[in-house]
Amino acid sequence: MKKKKLAVIFAAVAIAATPVSTLTASAEDSVDATTTTIYGDINSDGSITLSDSVAFEKVLNGQYTFSDYTVVDLNVNYVVDAADKQILLAFLMQVISTLPYTG
């Protein structure tokens, strides 16, 4: 558990040091009613892990694209930005327990 938290902290520092762009989503980018959205599961492997944090950084840098940006919009404001990245890291460090986070 200690190693996991340390790895997340190192990832957070590395991510915080990189430049961030902002993506804007629209209501049309919402999920099809027949699919299940796992907020924060950016790499679509069925779980939310440090790998998703790495994928998130690639999304912000334009290196990773997909059709459903709602999984990345973790505060549900139709903008994908550093705030969403911070929410994902807080979830990984178990500071918050649910996604999306609107508190």
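# Reading the predicted model

Me: Which residues of α2 are buried?
Reply: Asp 52, Ser 53, Ala 55, Phe 56, Glu 57, Val 59 and Leu 60 are the buried residues of α2. Buried means under 20% relative accessible area; exposed means over 50%, and partly exposed lies in between (1.4 Å probe, protein chains only). This is a predicted model, where local features need pLDDT of at least 70 and side-chain atom pairs count only at pLDDT 80 or more, while totals for chains, interfaces and linings use all residues. Residues are numbered from 1 along each chain as its sequence is written, and side-chain values use heavy atoms, with hydrogens and water left out.

Me: Why is Glu 57 called buried?
Reply: Its relative accessible area is 9%. The cut-off is under 20%, so Glu 57 counts as buried.

Me: What makes Lys 85 and Glu 57 a salt bridge?
Reply: Their closest N and O atoms are 3.3 Å apart. A salt bridge is a side-chain nitrogen of Lys or Arg within 4 Å of a carboxyl oxygen of Asp or Glu, so the pair qualifies. Lys 85 lies in helix α3 (residues 82–92) and Glu 57 in helix α2 (residues 50–60), 28 residues apart, so the pair links distant parts of the chain. By this rule the count comes to one salt bridge.

Me: Why can such side chains pair?
Reply: Side chains of opposite charge can do so when their charged atoms come close.

Me: How do you know whether Lys 85 is buried or exposed?
Reply: Lys 85 has a relative accessible area of 5%. That is under 20%, so Lys 85 is buried.

Me: What makes Leu 92 buried, and where is its place?
Reply: Leu 92 is in helix α3. Its relative accessible area is 8%, under the 20% cut-off, so Leu 92 is buried. Leu 92 and Leu 50 are 42 residues apart in sequence, with their C-alpha atoms 7.3 Å apart in space.

Me: How many helices and strands does the protein have?
Reply: Three helices and two strands. From the N terminus on, they run α-β-α-β-α. Helices (H or I, at least four residues) and strands (E, at least two) are DSSP runs, numbered from the N terminus.

Me: In which elements is confidence lowest and highest?
Reply: Confidence is lowest in strand β1 (residues 23–24), at a mean of 46, and highest in α3, at 96. The score is pLDDT, the predictor's confidence in each residue, from 0 to 100. Over residues 13–34, pLDDT stays under 50. Where pLDDT is low, the predicted coordinates should not be read in detail.

Definitions and conventions
Contact = heavy atoms within 4.5 Å.
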